[in-house]
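Opened the notebook for a quick pass over this chain.

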Amino acid sequence: MPLPMRRLAAAPSLPAVHPHDSPAPPSVRLRRQHGRVSMERSSTTTARGVSCVMASGKEHAATTSGDEKKGGLRGKLKKVVLAYSGGLDTSVIVPWLRENYGCEVVCFTADVGQGDIELEGLEKKAKASGASQLVVKDLTEEFVGEYIYPCLRAGAVYERKYLLGTSMARPVIAKAMVDVAKEVGADAVAHGCTGKGNDQVRFELTFYALNPELKVVAPWREWDITGREDAIEYAKKHNVPIPVSKKSIYSRDRNLWHLSHEGDILEDPANEPKEDMYMMSVSPENAPSKPEYLEIGIVAGVPTSINGKDLSPATLLAKLNEIGGKHGIGRIDMVENRLVGMKSRGVYETPGGTIMAAAVRELESLTLDRETMQWKDMLALKYAELVYAGRWFDPLRLSMDAFMETITATTTGSVTLKLYKGSVTVASRKSPYSLYREDISSFENGEIYDQADAEGFIRLYGLPTRVRAMLEKGI
């Protein structure tokens, strides 16, 4: 079968237009055509669903009077797009922005597969907090197809364990914020990331890359609120309804790829996580006693089907999350080095992602030669580091992505995996582009490989070793 050829994309030239109007750098997406899946470069992506909720009448008038007209305690901004979750931090940021910058606040929420429960009631919360508008975009397919799949194809894993769940989600969210800022005429964006974490870097590097003229407000680096209790008191003072207690709880981040847990007893690395903390997976001990076999279809290095059924990227991942979670797959407990210098302990649940990564890696054992695999593995470390550090739109990552796309052009086929009580093992792998030849690998003599040839190979390959030994022995 002829090999599919890929042409390495040329390095992008700098745009000659205004930075605010320039398109985002190209990203990789999947395109179905004539029953096959192919890769293409795309400069823009349209979210599957967009909803805008306007605070009406008297409520809306209140947000454009007073502080918005005269400015705030820290200066004057016209309109700010806030990354909004409806939680404690972002809820108190809304009145804080109005008070300190005299601005209109547009709340933005990205649906990246965190679940309907986390999206419920956001309109009411945003209005009650003083926002003029709530914008919700469904980014699930874009997130999986254009952010997760490139990382999966590259084999990107940070510090041996972390499959980059939060790291991949931040640039797709930040990119959408830049788009919304342009749509509503905002001159600034804001986020609720703390000054100790990685996410502040991920958000802001994306803002800088896509619209360097936007002002960035990071309240946690400015305000006097030092913790959860202060935030609750501020909310009460400004009549912001927050259904939360002062009791310490886990800090979680969820999207379609994973669920992370931090804080509470996890802050001590000596503490074992409690079983009731997990939400996406059962304990391996309580998983079914009968193994389940899955056939994952792969085209050009990314999954496309389960048991012969083609599915969209997001649908496929959601299905694997369900299956993997049932078998206790994908639990990771690690201490990682944050970008800002400190170590942190986190527990991650990535059931579907763990299955996908295992399938792609196993198929590559058939389709990649030794040198290519070694270079891919070396570059994957740097690729993961760039993604973890928020440099998604960096020319280096884009160039590395073009390399990964090219060398995985023949990583097409299927892998059958066995899921059993937290483990994922390979049962079968097949590819029309397999470099494995049974007639060569067999212990029986064949026409292509003559075992007698090995003697000359060893003599030449081992010549440096032999010469050094001769020198040491004075021969």
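Are Phe 203 and Phe 207 buried or exposed? I looked them up, and both Phe 203 and Phe 207 are buried. My cut-offs here are under 20% relative accessible area for buried, over 50% for exposed and partly exposed in between, with a 1.4 Å probe and protein chains only.

**Ground rules.** I'm working from a predicted model, so local features need pLDDT of at least 70 and side-chain atom pairs count only at pLDDT 80 or more, while totals for chains, interfaces and linings use all residues. I number residues from 1 along each chain as its sequence is written, and side-chain values use heavy atoms, with hydrogens and water left out.

**Whole chain.** I get 16 helices and 17 strands; these are DSSP runs numbered from the N terminus, with helices being H or I of at least four residues and strands being E of at least two. Of the 475 residues, 48% count as buried. The accessible surface is about 24100 Å², and carbon and sulfur atoms hold 53% of it. Those areas come from the Shrake-Rupley method with a 1.4 Å probe, and for residues only the protein chains shown count as cover. I also checked contacts (heavy atoms within 4.5 Å). Among those between residues at least 6 apart in sequence, 75% join residues at least 24 apart.

**Rings.** I find nine aromatic pairs in the structure. Rings of Phe, Tyr and Trp (its six-membered ring) pair if their centres lie within 6.5 Å; planes under 30 degrees apart are stacked, over 60 edge-to-face, the rest tilted. Tyr 158 and Tyr 388 have ring centres 3.7 Å apart and planes at 10°, so I log that pair as stacked. Tyr 158 is in the loop between helix H6 (140-154) and helix H7 (165-184), and Tyr 388 is in helix H12 (residues 370-388), so the pair ties together parts 230 residues apart in sequence. Tyr 158 counts as buried because its relative accessibility is 11%, and Tyr 388 counts as buried at 2%.

Back to the two Phe residues: the ring centres of Phe 203 and Phe 207 are 6.2 Å apart with planes at 40°, so this pair is tilted. Phe 203 and Phe 207 are four residues apart in helix H8 (residues 199-210), so about one helical turn separates them. I also noted one aromatic cluster made of Trp 96, Tyr 101, Trp 220 and Trp 223.

**Charges over rings.** My criterion is NZ of Lys or CZ of Arg within 6 Å of the ring centre and within 35 degrees of the ring normal. Arg 202 has its charged end over the ring of Tyr 388, 4.8 Å from the centre. Arg 397 lies over the face of Trp 392, at 3.7 Å from the ring centre.

**Salt bridges.** How many salt bridges does the structure hold? I get 23, taking a side-chain nitrogen of Lys or Arg within 4 Å of a carboxyl oxygen of Asp or Glu. Arg 202 turns up again here, linked with Arg 170, Asp 199 and Asp 253 in a network of salt bridges.

Arg 221 bridges to Glu 204, with the closest N and O atoms 2.9 Å apart. That pair links distant parts of the chain, with Arg 221 in the loop between E8 and H9 and Glu 204 in helix H8, 17 residues apart. Glu 204 is buried, with a relative accessible area of 8%, whereas Arg 221 counts as partly exposed at 43%.

Arg 429 bridges to Glu 362, with the closest N and O atoms 3.2 Å apart. Arg 429 sits in strand E17 (residues 423-430) and Glu 362 in helix H11 (residues 351-367), so parts 67 residues apart in sequence are tied together.

Ala 300 has a positive phi of about 50° although it is not a glycine. I place Ala 300 in the loop between strand E11 (292-299) and strand E12 (302-306), and at 6% relative accessibility Ala 300 counts as buried. Asn 307 also has a positive phi of about 50° without being a glycine. Asn 307 is in the loop between E12 and strand E13 (309-310), and it counts as partly exposed at 46% relative accessibility.
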